[in-house]
Amino acid sequence: MRLLYSSALLGLAWFAAINLIASGAAWAASRVLLGRGRMRTPSALAVLRIAPAVVSGIVVAAIFLPAHWLVEPDVTDESFGVVIAALAASGGLLLLRSASRTVSVVAATRSLGRAVKAASGDGSPAFHVLPGVTGVSLAGVVRPQVLVGPEVPSALTADELQAAIDHEAAHRRWRDNLTRCLMYCAPDVFGWSAAARQVEDTWRAEAEYRADAEAAAGDESRAIHLASALVKVARLNERAAGSRTFPVWSTFNEARLLEARVRLLLVGPRPIVARARRTAGVFVAALACGGAAAWVSGAPYLLHEATEALIAILP
């Protein structure tokens with residue numbers, strides 16, 4: 001029981017401490033890279049945003065806790081000071097906030113599933129007309145569904161509606177709603193900063209430009225249809241009192257991006273930049289290699305010794 005208690009307390013304390021360090025590094029990187037305009041790839045932006053939470057979680061779960069369980073005796077009389085307790089409380093609050101947001105995402109997704117089933121039965125159409133929705137949206141995380149408001153099919157031509165559906169289908173192929181969910185639920189200090197919000201805003205813009213490019217597919221007429229759909233849906237949104245939406249769902253039209261998106265589409269058929277999804281893979285591979293190297297070099301045991309030293313000297 002004592003080992004379980006110390007594992008939980010120290011694990012949370014290390015999670016908070018590493019989170020602070022990683023969040024500081026992410027903040028500095030975002031200020032430099034975004035300030036110079038050198039980071040515009042959606043995958044790279046997403047990795048930067050969730051890196052502090054992922055790194056701190058992996059260090060605790062894959063390095064500190066296993067070493068602690070292997071080395072720490074079952075019975076110990078060591079006590080923990082106020083600094084470690086404060087760090088543990090901070091780590092617990094970060095995880096609690098993340099859990100609360102995750103629960104809200106699950107609840108919204110289940111509610112969406114019931115609404116879609118009630119509106120469409122057991123069929124699987126390309127999109128679902130759903131009361132309470134304004135415009136076009138990609139809703140859900142695991143199996144996202146394209147939703148359109150009841151007024152959309154009559155407000156848009158067939159080509160415009162298809163362009164809007166193709167845009168949301170591009171978001172689905174790139175799993176953009178899952179990325180939104182990861183950023184929204186990430187348990188980190190970085191998420192409280194203005195720099196993190198700038199990263200998220202830049203990611204949303206670049207994800208929209210990418211989906212527009214894929215929907216247009218380099219065809220001028222498709223690009224014009226998509227631009228026209230954007231303007232018409234924006235007008236519908238202006239007249240609407242409210243809409244069924246959620247922070248991790250993709251919305252076809254965001255007012256702040258409307259002008260830039262329409263301008264890019266009307267300049268001419270924008271070529272699709274074929275980028276392999278290497279960024280996330282490189283990030284995962286780097287974490288795996290780093291974890292393996294840490295165990296080979298004995299870093300987990302050094303971390304355990306450092307923990308014992310900190311327990312002894314911290315108030």
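Colleague: Two strands pair if DSSP finds at least two bridges between them. Which strand pairs with β1 in the parallel sense?

Modeller: This is a predicted model: local features need pLDDT of at least 70, side-chain atom pairs count only at pLDDT 80 or more, and totals for chains, interfaces and linings use all residues. Residues are numbered from 1 along each chain as its sequence is written, and side-chain values use heavy atoms, with hydrogens and water left out. Strands (E, at least two residues) and helices (H or I, at least four) are DSSP runs, numbered from the N terminus. Over two bridges, β1 (residues 128–129) runs parallel to its partner, residues 145–148, which is strand β3.

Colleague: How many bridges join β2 to β3?

Modeller: Strand β2 covers residues 136–139. It runs antiparallel to β3, and the bridges between them number four.

Colleague: In β3, which residue is the bridge partner of Ser-137?

Modeller: Start with His-128, whose bridge partner in β3 is Leu-147. For Ser-137, the bridge partner in β3 is also Leu-147.

Colleague: Which residue takes a positive phi in the hairpin of β2 and β3?

Modeller: Five residues lie between the strands of this hairpin. The residue with a positive phi near 100 degrees is Gly-140.

Colleague: How many salt bridges does the count come to?

Modeller: A salt bridge needs a side-chain nitrogen of Lys or Arg within 4 Å of a carboxyl oxygen of Asp or Glu. By that rule, the number of salt bridges is 13.

Colleague: How many residues apart in sequence are the parts tied together by Glu-160 and Lys-232?

Modeller: Glu-160 forms a salt bridge with Lys-232, with the closest N and O atoms 2.9 Å apart. Glu-160 sits in helix α5 (residues 158–173) and Lys-232 in helix α8 (residues 220–239), so the separation of the parts they tie together is 72 residues.

Colleague: Why does Glu-160 count as buried?

Modeller: Buried means under 20% relative accessible area, exposed over 50%, and partly exposed in between (1.4 Å probe, protein chains only). Lys-232 counts as partly exposed, because its relative accessibility is 25%. Glu-160 counts as buried because its relative accessibility is 6%.

Colleague: Which helix holds Glu-214, the partner of Arg-173?

Modeller: The side chains of Arg-173 and Glu-214 meet in a salt bridge at 2.9 Å, N to O. The two residues are 41 apart: Arg-173 is in α5, and Glu-214 is in residues 194–216, helix α7.

Colleague: Are Asp-176 and Arg-210 buried or exposed?

Modeller: Their side chains form a salt bridge at 2.8 Å, N to O. Asp-176 lies in helix α6 (residues 176–185) and Arg-210 in α7, 34 residues apart. Both Asp-176 and Arg-210 are buried.

Colleague: What relation does α7 have to α8?

Modeller: The axes (lines fitted to C-alpha atoms over the stretch in contact) are compared by N-to-C direction, from 0 to 180 degrees. Those of α7 and α8 come within 8 Å and cross at roughly 130 degrees. Angles under 35 degrees are roughly parallel, over 145 roughly antiparallel, 65 to 115 roughly perpendicular, and the rest oblique. Therefore α7 is, relative to α8, oblique.

Colleague: Which residues of α8 do Asp-212, Ala-215 and Ala-216 in α7 meet?

Modeller: Contact means heavy atoms within 4.5 Å. By that cut-off, the α8 residues are Arg-222, Ala-223 and Leu-226.

Colleague: What share of the 315 residues of the chain counts as buried?

Modeller: The chain comes to eleven helices and four strands. Of its 315 residues, the buried share is 44%.
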